Amino acid sequence: MNVSALARELLTAYSNCETILVPPSSREAGFDLAAAYSVQAELTRLRRASGWTTVGRKVGYANRALWRTFKLDTLVWAPMYDRTVQYAAGSRASLSLAGMCSPKIEPEIVVKLNKPVTSSEADSVLAAIEWLAIGFEIIDCVFADWKFQPADFTAAFGLHAALVVGETQPVRPEMIPSLVERLSQFKVRLLKDGRLIDEGSGRNALRSPVLCAAELAAATARQPGAEPLTAGELISTGTLTPSQPLSSGELWRVEVDGLDVPALTLQA
């Protein structure tokens with residue numbers, strides 16, 4: 001397997017919206033997650049060399065039912081960049097889909113770390129979080145018919161195209177006991193052009209977005225060569241509903257019940 005060649009194939013496919021008919025897992029012997037992270041690291045190196053700055057991680061497969069299906073023992077992740085993350089003006093944002101190939105939208109809880117995560121206990125993880133917000137991650141796929149394996153997903157930027165972060169809410173020490181419970185119980189409604197599309201819950205992200213952040217910290221620590229999570233990083237903690245196709249001209253909104261996080265509206 002030629003890591004550099006695979007990285008450039010993926011970069012070219014995304015740059016030109018070219019479909020990859022056969023993903024690496026179906027044509028490269030031994031293309032597993034370790035190989036995928038090697039390709040991901042090369043893509044990160046190329047982007048950094050071009051002036052991009054990593055600002056955090058997005059996670060994928062944050063659902064233990066998927067672990068059983070795909071024989072995973074943890075979630076997967078990929079970097080997010082200064083050029084792919086934007087902050088809403090209050091509760092509204094707009095995002096151009098220019099250059100995206102086949103985008104989909106996912107509502108997620110986004111957190112910012114104020115120190116490294118060193119525990120799997122929800123209260124300790126929350127003590128390492130500066131703020132949280134609802135956000136929209138936009139994912140994009142160059143694999144034909146959106147068919148791929150976790151290793152393909154991981155190598156291909158984690159399908160990360162953009163992250164729109166809503167109004168941030170600080171996490172103060174006195175809030176932590178309540179947040180531990182509320183983050184596992186809150187509900188979201190996803191609407192397109194005023195019509196309800198789907199509903200979800202904090203439990204859909206490894207039973208709680210904060211536990212998802214803990215799992216990410218543990219997984220990066222176990223992965224050889226992975227950069228550890230550090231203070232200042234953003235984490236997009238996994239989708240709260242199934243992803244939905246996204247087209248220009250649509251108005252999307254995510255409403256949150258049971259968590260003091262304002263709704264977020266996105267004009268595509």
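**Exercise 1: Salt bridges**

A search of the whole structure, which is a predicted model, finds 14 salt bridges. Determine how exposed the partners in the bridge between Glu174 and Arg172 are.

Solution. Step 1: the closest N and O atoms of Glu174 and Arg172 are 3.3 Å apart, and the cut-off for a salt bridge is 4 Å. Step 2: Glu174 has 57% relative accessibility and therefore counts as exposed. Step 3: Arg172, at 42%, counts as partly exposed.

**Exercise 2: A second pair**

Classify Glu28 and Arg27, whose side chains meet in a salt bridge.

Solution. Step 1: the N to O distance is 3.7 Å. Step 3: Glu28 has 23% relative accessibility, so it counts as partly exposed. Step 4: Arg27 has 35% and so counts as partly exposed.

**Exercise 3: Strand E1**

Identify the strands that pair with E1, and state the sense of each pairing.

Solution. Step 1: E1 covers residues 54–60, and because five of its seven residues are buried, E1 is largely enclosed by the rest of the structure. Step 2: strand E2 (residues 76–81) pairs with E1 in the antiparallel sense over six bridges; Arg57 stands opposite Pro79 in E2. Step 3: strand E11 (residues 234–239) pairs with E1 in the parallel sense over three bridges, and Ser236 in E11 is the bridge partner of Lys58.

Note on methods
Residues are numbered from 1 along each chain as its sequence is written. This is a predicted model: local features need pLDDT of at least 70, side-chain atom pairs count only at pLDDT 80 or more; totals for chains, interfaces and linings use all residues. Side-chain values use heavy atoms; hydrogens and water are left out. Buried means under 20% relative accessible area, exposed over 50%, partly exposed in between (1.4 Å probe, protein chains only). Helices (H or I, at least four residues) and strands (E, at least two) are DSSP runs, numbered from the N terminus. Two strands pair if DSSP finds at least two bridges between them.
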